[in-house]
Amino acid sequence: LRIALTFLAFLFSLCIPTLFSDSQDILTTNVGAVLGAGISSTLFLRNRAARSDRMGKIDREYAMGSLRVKYRGVRTNELAEL
């Protein structure tokens, strides 16, 4: 969800010069668009990299067989035993 929201914020930042061209100075709207796009794209890339890292960690744990399942807090079993 965060990835989608930051991507939408990036797209909105690109629309700022069109939406606010009449009410502000053209330089101000362009600088706002560039700053908004830069911040949104940085957050987008950071969230995407974090998600890829988490998925990679899960894949490595599954390949090693070290994932464990907890049954109502009583005992744990390896996922391969199920």
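The 18 residues of helix 1 should span 26 Å at 1.5 Å a residue, and the end C-alpha atoms of the helix lie 24 Å apart, so the two values agree. The model is a predicted one. Its chain contains two helices and two strands, which follow one another along the sequence in the pattern α-α-β-β. Of the 82 residues of the chain, 13% count as buried.

Helix 1 carries a kink of about 25° at S13. The kink lies shortly before the proline P17.

L14 belongs to a nonpolar patch on the surface, which it forms with L1, L5, F7, L8 and L11. Together these residues have about 630 Å² of accessible area. The spacing of such positions can be read against helix geometry: an α-helix has 3.6 residues a turn, so residues three or four places apart point the same way. F7, another member of the patch, counts as partly exposed because its relative accessibility is 40%.

The structure holds one aromatic pair. This pair is formed by F7 and F44, with 5.8 Å from centre to centre and 45° between the planes, and is classed as tilted. The pair links distant parts of the chain, as F7 is in helix 1 and F44 is in helix 2 (residues 26-64), 37 residues apart.

With a relative accessible area of 10%, A37 is buried, because the limit for a buried residue is under 20%. The C-alpha atom of A37 is separated by 9.9 Å from that of C15, and the two residues are 22 residues apart along the chain.

Conventions: Residues numbered from 1 in each chain as written. Predicted model: local features only at pLDDT ≥ 70, side-chain atom pairs only at ≥ 80, totals over all residues. Heavy atoms only, no water. Patch = residues over 30% accessible without salt bridge, like charges linked within 9 Å, V, L, I, M, F, W, Y side chains within 5 Å. Areas by Shrake-Rupley, 256 points an atom, 1.4 Å probe, with all protein chains shown as cover. Salt bridge = Lys/Arg side-chain N within 4 Å of Asp/Glu carboxyl O. Helix = DSSP H or I, 4+ residues; strand = E, 2+ residues; numbered from the N terminus. Expected span 1.5 Å × (residues − 1). Bend = angle between axes of the 7 residues up to and from the residue. Phe/Tyr/Trp six-rings, centres within 6.5 Å; stacked < 30°, edge-to-face > 60°. Buried < 20%, exposed > 50% of the residue type's maximum accessible area, 1.4 Å probe, protein only.
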